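User: I am new to this structure and would like to learn how to read it. Please take me through it one feature at a time.

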Amino acid sequence: MENELFEKAPVPKAYFSLALPVVMGMVVSLVYNMVDTYFIAQVGNTDLIAGVSLSAPVFTALMALGNIFGLGGSSVISRLFGKKNDEDGKRLSAFCFYGALLCGVAVAAVLLLLRGPVLGLLGAGEGTYPYAQQYYTYIVLGAPFIILSFVPTNLLRTEGFAKASMVGSILGSVVNMVLDPIFISALGLGAAGAAIATVLGYVVTDVFFVWYLLRKSRRLSVSPVGIRISGEELGSILAIGIPASVTNFMSTLSATLTNRYLLPYGSDAVAAMGIVVKVNLIATLVLVGFAFGPQPLFGYNYGAGNRGRLKKAFGFAYGFECLLAVALAALLSLAARPLVGIFVSDPALIEMGIPMLRILQAGMVFSAVVLVTTTVFQSAGKAWSALVLSVGRQGVIFVVVMVLLAKAMGYYGVLAAQPVADLLTAALALGLFYRGLWRELRN
């Protein structure tokens, strides 16, 4: 694709050209997640719902590993394209592809060997263990396909192929949605069926991406011939990829910690939170799409040294993302009852889920600030700042807040931990942005 989009198109047009396909792909992924939750919930087994919720963080961890190569690679490659170093970008894209594939194979082997201890750590108990084990086993077997998919879906956007990235994501999600009722209900596979459908969706996505790269791409590669990478280049990918993956690992930590703090209040509380988290993806995935979608625009112009265009892009991203966060939070809060009621008919679970969902919305605008700032740091190669935010929001800051609020406020303290952590992390993000990047752009 020509560089017109990155260099000359009006900032709002460039922003939405890159972000909207990502958002559309995530919306379809969101629909899949809701359909998946719906079919699982229709089984009518609270232990099954809770078991899937307890083992779901493993899937998040696989996403995190994929982002090491996907987001780390796209950050480095977009800056190389901005500097007109296309051949180096092509070479590194092939490394990221095969690095992710080998990582997936290794991770699958390790997680299968450690299945019992990991499920125990996630909080699976006597009632939930059989269902958590089923979901865990098949998701882990599909690890190579899941991890691999995050490479082309990110790298394609560095060449301007945002629509192709969207199509691949949508294709996999549609396959998931078609297979879910067949495997979960018709074949009676329950939690295992949900996991199998998910993995097969990623297999289809990977096949599409490989086909597209072979047929359409001029600056990216999946050829294993002549793959090489220097220590400095590997360090640059890992410097951004690891903080990006830490964000997902911290999400796994926060989900696990929340579940464990909710367990004393019964499996109903864990089940309700599992449903609420899926509903909350309505806002979260849209915000993530609009925050991370324009990353190639940021990286390209940072690599090209175009400070004026970069500042305009940053300003537009912050303004739009925060306004969108307020609107989405208001919508989900007002529609909390019918949204939770879509998935369960049990009045107790619905009443438990409504305040959970509304409390989460209190931190949505702060989450938006953190998302945009994290993208900015990743695009500019500011590894340490990105790492601090990644470890903070759902890691160190969240853990401290959770412990203090749970002790001080009990059940509602557990529910309030995430929005309070979002507020504190947003303040930290703006401080880091001013010190680490804004003053650089002003000079």
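User: What is the mean pLDDT of the protein, and which elements have the lowest and highest values?

Analyst: Begin by noting that this is a predicted model. The mean pLDDT is 84, and 95% of the residues reach 70 or more.

User: How do I read burial, and how many residues of helix 12 are buried?

Analyst: A residue counts as buried when its relative accessible area is under 20%. In helix 12 (residues 295-304), eight of the 10 residues are buried, so the helix is largely enclosed by the rest of the structure. Those residues are Gln-295, Pro-296, Leu-297, Phe-298, Gly-299, Tyr-300, Asn-301 and Gly-303.

User: Is Leu-332 buried or exposed?

Analyst: Leu-332 belongs to helix 13 and is buried, because its relative accessibility is 1%.

User: What is the idea behind a salt bridge, and how many does a search of the whole structure find?

Analyst: Side chains of opposite charge can pair when their charged atoms come close. The search finds five salt bridges in the whole structure. One of them joins the side chains of Asp-86 and Arg-219, at 3.6 Å from N to O. Asp-86 is in helix 4 and Arg-219 in the loop between helix 9 (190-216) and helix 10 (231-262), so this pair ties together parts that are 133 residues apart in sequence.

User: Are Asp-86 and Arg-219 buried or partly exposed?

Analyst: Asp-86 is partly exposed, at 27% relative accessibility. Arg-219 is buried, with a relative accessible area of 10%.

User: Which residues are linked in a network of salt bridges?

Analyst: The network links Asp-88, Arg-91 and Glu-233. The side chains of Arg-91 and Asp-88 meet at 3.0 Å, N to O. Because these two are three residues apart in helix 4, about one helical turn separates them. Arg-91 also forms a salt bridge with Glu-233, at 2.7 Å from N to O. Arg-91 lies in helix 4 and Glu-233 in helix 10, so their bridge ties together parts that are 142 residues apart in sequence.

User: How accessible are the members of that network?

Analyst: Arg-91 and Glu-233 are both buried; for Arg-91 the relative accessibility is 13%. Asp-88 is partly exposed, with a relative accessible area of 30%.

User: Which residues make the nonpolar surface patch?

Analyst: Val-174, Val-178, Ile-182, Leu-187 and Leu-189 make a nonpolar patch of about 390 Å². Take Val-178 as a case: it is in helix 8 (residues 162-186) and counts as partly exposed, because its relative accessibility is 47%.

User: Now the backbone. Where is Lys-84, and what is its phi?

Analyst: Most residues other than glycine have a negative phi. Lys-84 has a positive phi, near 70°. Lys-84 is in the loop between helix 3 (46-82) and helix 4 (86-113). With a relative accessible area of 49%, Lys-84 is partly exposed.

User: Which glycine follows helix 12, and which comes just after helix 17?

Analyst: Gly-305 follows helix 12, with a positive phi near 75°. Just after helix 17 comes Gly-410, whose phi is also positive, about 65°.

Methods: Residues are numbered from 1 along each chain as its sequence is written. This is a predicted model: local features need pLDDT of at least 70, side-chain atom pairs count only at pLDDT 80 or more; totals for chains, interfaces and linings use all residues. Side-chain values use heavy atoms; hydrogens and water are left out. Helices (H or I, at least four residues) and strands (E, at least two) are DSSP runs, numbered from the N terminus. pLDDT is the predictor's confidence in each residue, from 0 to 100. Patches are made of residues with over 30% relative accessible area and no salt bridge: like charges are joined within 9 Å, nonpolar side chains (Val, Leu, Ile, Met, Phe, Trp, Tyr) within 5 Å. Accessible areas come from the Shrake-Rupley method with a 1.4 Å probe; for residues, only the protein chains shown count as cover. A salt bridge is a side-chain nitrogen of Lys or Arg within 4 Å of a carboxyl oxygen of Asp or Glu. Buried means under 20% relative accessible area, exposed over 50%, partly exposed in between (1.4 Å probe, protein chains only).
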